[in-house]
Amino acid sequence: MKRRELLSRTAMLGAVAAAGATVLPQAAQAQAAPAAPANGSTLDRVRSSGVLRMGVVVGQAPYFTKNLTDGTWTGACLKMAADIASKLNAKVQVVETTWGNQVLDLQSNKIDLAFAVNPTPERALMVDFATPILVHSFTAVTRKGYAKPATWDDLNKPEVRIAVDMGSSHELIARRYAPKANILAFKTRDEAVMAVSTGRADVNIVLAILALPMLKKNPSLGEIAIPRPVLTMPTNIAVRLESDKRWRDFLSVWADYNRSMGTTREWFIEGLAELGVQQADIPPEVQF
């Protein structure tokens, strides 16, 4: 009987030790990324901790631009995050992520907000959205020598080769409005751009704010066109789904105010200027 009790006690101690081994990393992670309060309010957590955690994505200028030399970040969304943090007496903490992982990082409480997320019904089941920070147009960036398309019908032909980044809103629009075209889907936007610059594709469908630095960076590309009918896409801030909606509502008021005052446009123009894109380089038909 004593031997059986001893074995049971030993097993119990082993289980406690194992549990302790799984708790320690979580505790360390909690120090690096403070958890939300029991009521689930991100707004309360940001104000009490003085830290605003934002997701940043490599290679997505002018939203986010990383200096590979010193690791610092600039870009339009960094300016916006700094302004939001200033209203809450907080400092910005950047957390590297990807477009595909932003929603997961919000759900797992790694970040407090994700910029430049296009709202879809599917995403709305997983995260919440503040009102748009920007509404801009889909464009067609051509290879050199290719006729500038005036309408989507000009692109909706079997002989037209359209390059898009796989799984993006660019691909959805291309397949919706140019289903007869030869649509080439690439893993990344850079690969899609390369296909156009090397002549393997005729146009790249991309949102206007991303097309501008593309043209500046790639002189082998042709022109930027906004096919008719003009198709637009809102760009929003995504946040965690919470019963307390104050965080989302605060960001909505912030977004509406700065968009109406023209401040958001100024932040994006400054972000483009960091990439060498001046106001004179922005075609008059490109509005954001």
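1. The buried residues of helix 8 are covered by elements that include strand 7 (134-143), helix 6 (169-177), helix 7 (189-197), strand 10 (203-207), strand 11 and helix 10. Helix 8 itself spans residues 208-217 and is mostly covered, since 7 of its 10 residues are buried; these are Ala-208, Ile-209, Leu-210, Ala-211, Leu-212, Pro-213 and Met-214. Here buried stands for under 20% relative accessible area, exposed for over 50% and partly exposed for what lies in between, with a 1.4 Å probe and protein chains only, while contact stands for heavy atoms within 4.5 Å.

2. On the basis of these values, the model is a predicted one, in which local features need pLDDT of at least 70 and side-chain atom pairs count only at pLDDT 80 or more, whereas totals for chains, interfaces and linings use all residues. Residues are numbered from 1 along each chain as its sequence is written, and side-chain values use heavy atoms, with hydrogens and water left out.

3. As to the overall make-up, the protein chain has 10 helices and 12 strands, where helices (H or I, at least four residues) and strands (E, at least two) are DSSP runs numbered from the N terminus. Of its 288 residues, 45% count as buried. Among the contacts in the protein chain with a separation of 6 or more, 70% come from residues 24 or more positions apart.

4. Helix 10 (residues 263-273) packs with helix 9 (residues 246-261) at an angle of about 75 degrees, and their axes are 4 Å apart. The axes are lines fitted to C-alpha atoms, for helices over the stretch in contact, and the angles run from 0 to 180 degrees between N-to-C directions. Helix 9 and helix 10 are therefore roughly perpendicular to each other, on a scale where angles under 35 degrees count as roughly parallel, over 145 as roughly antiparallel, 65 to 115 as roughly perpendicular and the rest as oblique. In this contact Trp-254, Asn-258, Arg-259 and Met-261 of helix 9 meet Thr-263, Thr-264 and Trp-267 of helix 10, and the residues divide into 3 nonpolar, 3 polar and 1 charged. For these classes, Ala, Val, Leu, Ile, Met, Phe, Trp, Tyr, Cys and Pro count as nonpolar, Asp, Glu, Lys and Arg as charged, and the others, Gly among them, as polar.

5. Helix 10 also packs with helix 3 (residues 76-87), at an angle of about 135 degrees and with the axes 8 Å apart, and the two helices are therefore oblique to each other. Ala-76, Lys-79, Met-80 and Asp-83 in helix 3 meet Thr-264, Trp-267, Phe-268, Glu-270 and Gly-271 in helix 10; the residues of this contact divide into 4 nonpolar, 2 polar and 3 charged.

6. Which residues do ring pairs link into a cluster? They are Tyr-63, Phe-64, Trp-99 and Phe-268. Rings of Phe, Tyr and Trp (its six-membered ring) pair if their centres lie within 6.5 Å, and planes under 30 degrees apart count as stacked, over 60 as edge-to-face and the rest as tilted. By this rule the count comes to 7 aromatic pairs. The rings of Tyr-63 and Phe-64 have centres 6.4 Å apart and planes at 50 degrees, so this pair is tilted, whereas the rings of Tyr-63 and Trp-99, with centres 6.2 Å apart and planes at 90 degrees, form a pair that is edge-to-face. The latter pair links distant parts of the chain, 36 residues apart, with Tyr-63 in the loop between strand 1 (51-57) and strand 2 (65-66) and Trp-99 in the loop between strand 4 (91-97) and helix 4 (102-107). Tyr-63 is buried at 3% relative accessibility and Phe-64 is buried at 1%, while Trp-99 is partly exposed at 33%.

7. The backbone deserves a separate remark. Most residues other than glycine have a negative phi, and most peptide bonds are trans. Another cis peptide bond joins Arg-228 and Pro-229, with omega about -5 degrees; Pro-229 is placed in the loop between strand 11 (221-225) and strand 12 (232-240).

8. Positive phi values occur at Asn-109, near 65 degrees, and at Ala-116, about 55 degrees. Asn-109 lies in the loop between helix 4 and strand 5 (114-117) and counts as buried at 17% relative accessibility, whereas Ala-116 is found in strand 5 and counts as buried at 8%.
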